[in-house]
Structures are given as C-alpha cells and as structure tokens.
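I opened my notebook today to look up a few things in a two-chain model. Here are my entries, in the order I made them.

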Amino acid sequence: MTVVERMTVIERLKRVLRETLQLGDQVNAFDESTGLFGSIPEFDSMAVVNVVSGLEEQFDIEIDDDDITAEIFETVGALTHYIQGKLAD
Amino acid sequence: MEVFFLEGSQGRLFSIYHPAVRARRPRLGLVYAPPFAEEMNRARRMAALQARRLAELGVDVLLLDPFGTGDSAGDFGDARWETWSDDIARAVAWLSERTDGQVGLWGLRLGALLAADVAAADPDRIACLVLWQPVLSGDRHLTQFLRLRLAAAMDKEGPDRETTKELRERLSRGETLEIAGYRLAPALADSIASLQFQSHVHRLGRLPIIWLEVASEEGAALADASQGIVSALERQGHRLTAKAVSGEAFWAAQEITLAPYLLQATDDLFR
C-alpha cells in the first residue's frame, strides 16, 4: 500500500472515530500513536461495537469476533494496520 | 404532559402523553417506538425533547416503554417481539381515541423497524411513519448487541474468549444470555434476527414516510443501504422525505448527547 493509500485509510478511520466518540474536532489531531482503548474514557463497550460496525460499513470488510481485542484497539496506528490487512485480503 | 400506565397484553406499560399545545387540522398523533436495550436509555432525552416540540407544533405524542423495558411491568428476559408489536398497536388505539384523528408511528433504530413491522400488519390504520436512523437488518443488530459482551471481555486472553457464533449457538439451544446487563431470551433474539426492513417495502401501502439519519458531515448522503430501501419505497409510490443531517449517534453516546439538527429537521416536517 502506498503512503497516499495509508493516509486515506487513517483519514477514513478517523471519520468513523469522530462519528462514534463524542470528541468533535479533537479527532482531527489524532495520529498513529494516539491511544484508544484504555486511553480514552469514551471508548466503552458500546463505542467498541459501534467503531467495529462503522469500520465494517466504511471499508466494506467483515471483522471477526476473534479480532476484537485490546491490541488492535490500543492505538489509531494498530487499528489502521489491522484495516489495511483486511483490505489487502 | 400526562404520565400513566397503559394496559398491555402482558402487563402495564409506562407511558407519557404529550398532548398537542395548539390546534392542527387535520389532527395527528404519533406513537414512539424506542430503540433496543441500552440505546433506549441513551436516547431518552432526545425523544422527550422531540415529543415536546412536536406537541408545540400541534401533534399529540405518546411515548411508551414497551413490556419489560424502562418503567413498564415485566423483565427484559420475558419480553417478546410479538408483545412489543401488540404494545405499540394498543398505544395506537389509545391515541386514536384521544387525538380524534389519525395516528402515525415514530421509531428510532430498532424501534423504526418495529414501527415498520407494526405498520406492515395493517397499513391502512397507520397515518405515517417517522423513522429515525432505521435499523435495516435485525440480524446485524443482534450481532452488534452480542458483541457488547465480547467487547466487555476484550482485554482477556485465552481459549475462553467467546464469539458471537457461540453465543448464537447457545441461544439456539434455548439458553437465555446476559448481554451488557440485559437478559436476552432466545425467542426475542430469533425474532430480531429474522427482521429485515427490505421485507416490509411491499407491505406498507402508500404510507407517507419520513426517513432521517444523522451523519458526521454537513450535507452527507444517506447510508448506501438506506438509499436502496428509500429508492424502493419511492418506486412503490410512497410520499417520502429522506435525508441525513449533521449529528451524533446520540443513542450510543456514553453521556447524554443531543442532535439539534435532527430535532430541527423533524420539526420542519411538521410545521
């Protein structure tokens, strides 16, 4: 995946996060190192489920239950990496 | 505003009636069908606000907690889709008498699917459908609900990690599951899983329909799947207003969140 394509994935991911977490423009400042699950209090179970659905819709991918782990949701970068992996399938 | 209990088939239903504050010709009533489980609580404030605003615009609005939810009789584990459909139908009958006019249904998320389901059973009896962020696939909605349990156990490792597939298998073997504090009965899970908005498209007569969604961006389009259903309804001859407005997923927000543009858009359609 090219740098441009990676940028697009992260921007689209941020859009999903903006829709799911009530953080408004704060999300614009998110980068790959930004912590999610465990770092942001708004990231509760319902937020996880909504982010997962949002990602499935936004990227037209299917996320396995086994993939819903603390690791993948630890940072924006980890989640971006996961999505890229699914898109490459 | 009148707070009372409506007699449901399984038990009494906590109801709040917002009578129209000014005259409207012809008279119109709306019964609200709330979203599922925790979404109902998170959306309560928006529903109350919209009900008051509609009353000010001359609409009689009835908010109710279906059986087994909120302050109504019964446990969530005893709730069934058929009971909820019947609860809504009884609310329509009650409001028909009070409003001396036509009664429509207003539903949010799974409540929108419930509203469509009830309307499809007798479309001539329902004046209109006001659908907020309709759930299109009950099956997908069930998966998301089951995932709440997975998400709650997210930081645990090992072979005991559950999957929604396993949870569904347990449901199909007759086991009631506890999901995010709610006891989900197999019969209710089955009913929800079998619902698809698509299957109601040909069963809604020519009901006027309002279809509103929130999106994170100004001027966003409806979700693709929604657009498909909306187009199908238009081809059926429904008078339809469908749009997305800028707003947050207030039914999912951890803190009470409002979607002011949704309130405004709904108001505008009843002026």
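How do the axes of helix α2 and helix α9 of chain B cross, and within what distance do they come? I looked it up: the axes of α2 (residues 44-56) and α9 (residues 260-268) of chain B come within 10 Å and cross at roughly 30°.

**Ground rules**

I noted that this is a predicted model, where local features need pLDDT of at least 70, side-chain atom pairs count only at pLDDT 80 or more, and totals for chains, interfaces and linings use all residues. Residues are numbered from 1 along each chain as its sequence is written, while chains are lettered from A and ligands numbered from 1 in the order in which they are written.

**Back to the helix pair in chain B**

Helices (H or I, at least four residues) and strands (E, at least two) are DSSP runs, numbered from the N terminus. Axes are lines fitted to C-alpha atoms, for helices over the stretch in contact, and angles run from 0 to 180 degrees between N-to-C directions. Angles under 35 degrees count as roughly parallel, over 145 as roughly antiparallel, 65 to 115 as roughly perpendicular and the rest as oblique. So α2(B) and α9(B) are roughly parallel to each other.
I then looked up who touches whom: L49(B), Q50(B) and R53(B) of α2(B) meet L263(B), T266(B) and D267(B) of α9(B). Being in contact requires C-beta atoms, placed from the backbone, within 7 Å.
I sorted this contact by class and wrote down two nonpolar, two polar and two charged residues. Here Ala, Val, Leu, Ile, Met, Phe, Trp, Tyr, Cys and Pro count as nonpolar, Asp, Glu, Lys and Arg as charged, and the others, Gly among them, as polar.

**Between the chains**

Next I looked across to chain A. I found 20 residues of chain B in contact with 20 residues of chain A. On the chain B side, α5(B) gives the most, with six residues. That side divides into nine nonpolar, six polar and five charged residues.
Which angle do α2(A) and α5(B) make? The axes of α2 (residues 45-59) of chain A and α5 (residues 138-152) of chain B cross at roughly 125° and come within 8 Å. The two helices are therefore oblique to each other.
From α2(A), the contact uses S45(A), M46(A), V48(A), V49(A), V52(A) and S53(A), and from α5(B), Q144(B), R147(B), L148(B), A151(B) and A152(B). By class I have seven nonpolar, three polar and one charged residues.

Most residues other than glycine have a negative phi, and most peptide bonds are trans. I still found a cis peptide bond joining R25(B) and P26(B), with omega about -5°. P26(B) is in the loop between β2 (12-18) and β3 (28-33) of chain B.
R109(B) is not a glycine, yet has a positive phi of about 55°. I located R109(B) in the loop between β5 (102-108) and α4 (110-121) of chain B.

**How confident is the predictor?**

I finished with pLDDT, the predictor's confidence in each residue, from 0 to 100. Chain B averages 94, with 99% of the residues scoring at least 70. Chain A averages 87, and 92% of the residues score at least 70. Within chain A, confidence is lowest in helix α1 (residues 3-20), at a mean of 82, and highest in helix α3 (residues 76-88), at 93. For the complex, the predictor gives an ipTM of 0.83 and a pTM of 0.92.

Notes:
Contact = placed C-beta atoms within 7 Å.
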